[in-house]
Amino acid sequence: MAARNISRFWEWGRKIICVGRNYADHAKELKNAIPTEPVLFLKPPSAYVREGSPILVPLYTSNLHHEVELGVVIGKGGTSIQQSDAMDHVAGYALCLDMTARDIQDECKSKGLPWTMAKAFNTSCPVSEFIPKESIPDPSKVKLWLKVNDQLKQSGCTSQMIFSIPYLISYISDFITLEEGDLILTGTPKGVSAVQEHDELQAGIENVVTMTFQDQSEPPQPVPGQSGVT
Ligand SMILES: O=C([O-])CC(=O)C(=O)O
Ligand SMILES: [Mg+2]
């Protein structure tokens, strides 16, 4: 079998580990406390969607939000990785969206339930092309932006992160073994807002990459026994 190519990491079916509330301005806009430890959640590999395919708006939400984030692609796996070695485990980056059904997340938060329905649905993780590590020499100074229908909504810099990339890799790997092809979403800056069907989402990392996605309503699920469906 041919060796797998990390530049198509989304096809590998590995973990997507997301960090929440890693920018104080975003934690504040949602009235969350500034975390003293990373807030983590997961998305399944079925969350990946690539340019050319739509972001499907789940039928059960009426408040789907965009969150633009820097993704870190793991190149060398490990457990209990030291912060000083963490960057040796990085193969590269990807620009990512953490699509979030905010109404469902609010409901889950109020009931003390996990965020799975709000964060882990199909197409909840749009990703750009793979960005080799060399293209971002300093990941702590990356400028991210996102526009909805040409209107700038989010603009931030990874220098605002509460927990750095080496810290996050070390922290996560203490209890989740990192594997080649895993993706870490590092959190969103402020400016999240609602999107609707037919909206165009354009996002970029300044001087590195841009990507464009369209929102589309999830088609109603066929009901067995109706309309000729058996
Ligand atoms: O706002 C949230 O839902 C938490 C999160 O994912 C982030 O801060 O990026
Ligand atoms: Mg997020």
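Here, buried means under 20% relative accessible area, exposed over 50%, and partly exposed anything in between (1.4 Å probe, protein chains only). This is a predicted model, with local features needing pLDDT of at least 70 and side-chain atom pairs counting only at pLDDT 80 or more, while totals for chains, interfaces and linings use all residues. Residues are numbered from 1 along each chain as its sequence is written, chains are lettered from A and ligands numbered from 1 in the order in which they are written, and side-chain values use heavy atoms, leaving out hydrogens and water.

View 1. Glutamate 69 and aspartate 98 tie together distant parts of the chain, 29 residues apart: glutamate 69 belongs to strand 6 (residues 68-74), and aspartate 98 to the loop between strand 7 (90-97) and strand 8 (100-101). Helices (H or I, at least four residues) and strands (E, at least two) are DSSP runs, numbered from the N terminus. As for cover, glutamate 69 is buried at 0% relative accessible area, and aspartate 98 counts as buried too, at 1%.

View 2. Two strands pair if DSSP finds at least two bridges between them. Strand 5 (residues 64-65) is joined to the antiparallel strand 14 by two bridges, and leucine 64 faces valine 195 across that pairing.

**View 3. Stepping back, the chain has four helices and 16 strands.** Its radius of gyration, taken over C-alpha atoms, is 17 Å, close to the 17 Å that the globule rule (2.2 Å times the number of residues to the power 0.38) gives for 230 residues, so the chain is as compact as a globular protein of that length. Buried residues make up 48% of the 230. Of the contacts (heavy atoms within 4.5 Å) with a separation of 6 or more, 77% come from residues 24 or more positions apart.
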